Amino acid sequence: MLKDNLLMLRSMHGFTQEEIAEKIGISRQAYAKWESGATVPDVEKCYLLAQVYGTTVDSLLKTETLEGVGTLLPAPRGKNIWGSVTLSDRGQIVIPKGARERFGLQGGERMIVLSDETGIALIPAEAFEAGMKKAMDYMTRKNEE
């Protein structure tokens, strides 16, 4: 719920109720009522809150829970949490339906697997290869200059 997200986001960012209220042009008491669930902000104030917290209005209004973890913070703007998956004995996973739909992924599509120290990412091979071609073209032009 909105009130839970407001409380978690404010705590995570280290703001006081007074500081958030000042940033969006309301009283501390009005903000406190939003966190307690006594009242809810109008759409314009939700937009301002989303801007302050670096998320979207949609993420601000809904509560995401993950089995075994509990309530999650609203995802930052442009980021998504699609849920959890289980790795099979053969190392296979099923990408959640929402993610497949959002990115138009179809069975049999080639994916590039990338990683850093904390996790992995999947990128459609076509998009990755187009990005690499663009980078190589840029480097070729720079070397020719």
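This is a predicted model: local features need pLDDT of at least 70, side-chain atom pairs count only at pLDDT 80 or more; totals for chains, interfaces and linings use all residues.
Local features need pLDDT of at least 70 and side-chain atom pairs count only at pLDDT 80 or more, while totals for chains, interfaces and linings use all residues. Residues are numbered from 1 along each chain as its sequence is written, and side-chain values use heavy atoms, with hydrogens and water left out.

**View A. Strand 3 and strand 4 form a hairpin.** Here residues 111-115 (strand 3) and 120-124 (strand 4) pair in the antiparallel sense over 5 bridges; pairing requires at least two DSSP bridges between two strands. Between the two strands sit 4 residues. Look for Leu 114, whose bridge partner in strand 4 is Ala 121. Strands (E, at least two residues) and helices (H or I, at least four) are DSSP runs numbered from the N terminus.

**View B. Helix 1 meets helix 3.** The axes of helix 1 (residues 2-13) and helix 3 (residues 28-36) come within 6 Å and cross at roughly 115°. Axes are lines fitted to C-alpha atoms, for helices over the stretch in contact, with angles from 0 to 180 degrees between N-to-C directions. Lys 3, Leu 6, Leu 7 and Arg 10 of helix 1 touch Tyr 31, Trp 34, Glu 35 and Ser 36 of helix 3 (contact: heavy atoms within 4.5 Å).

**View C. Tyr 31 and Trp 34 form an edge-to-face aromatic pair.** Their ring centres are 6.0 Å apart, with 65° between the planes. Rings of Phe, Tyr and Trp (its six-membered ring) pair if their centres lie within 6.5 Å; planes under 30 degrees apart count as stacked, over 60 as edge-to-face and the rest as tilted. Both residues belong to helix 3, 3 residues apart, about one turn of the helix.

**View D. Strand 4 gives the most to the lining of the largest pocket, with 4 residues.** Helix 6 (97-103) also supplies at least two. Of the 16 lining residues, Trp 82, Ile 93, Ile 120, Ala 121 and Leu 122 lie nearest the centre of the pocket. On a 1 Å grid over the protein atoms alone, a pocket is an open set of points where a 1.4 Å probe fits, with protein on both sides within 12 Å along at least five of seven lines; lining residues have an atom within 4 Å of a point.
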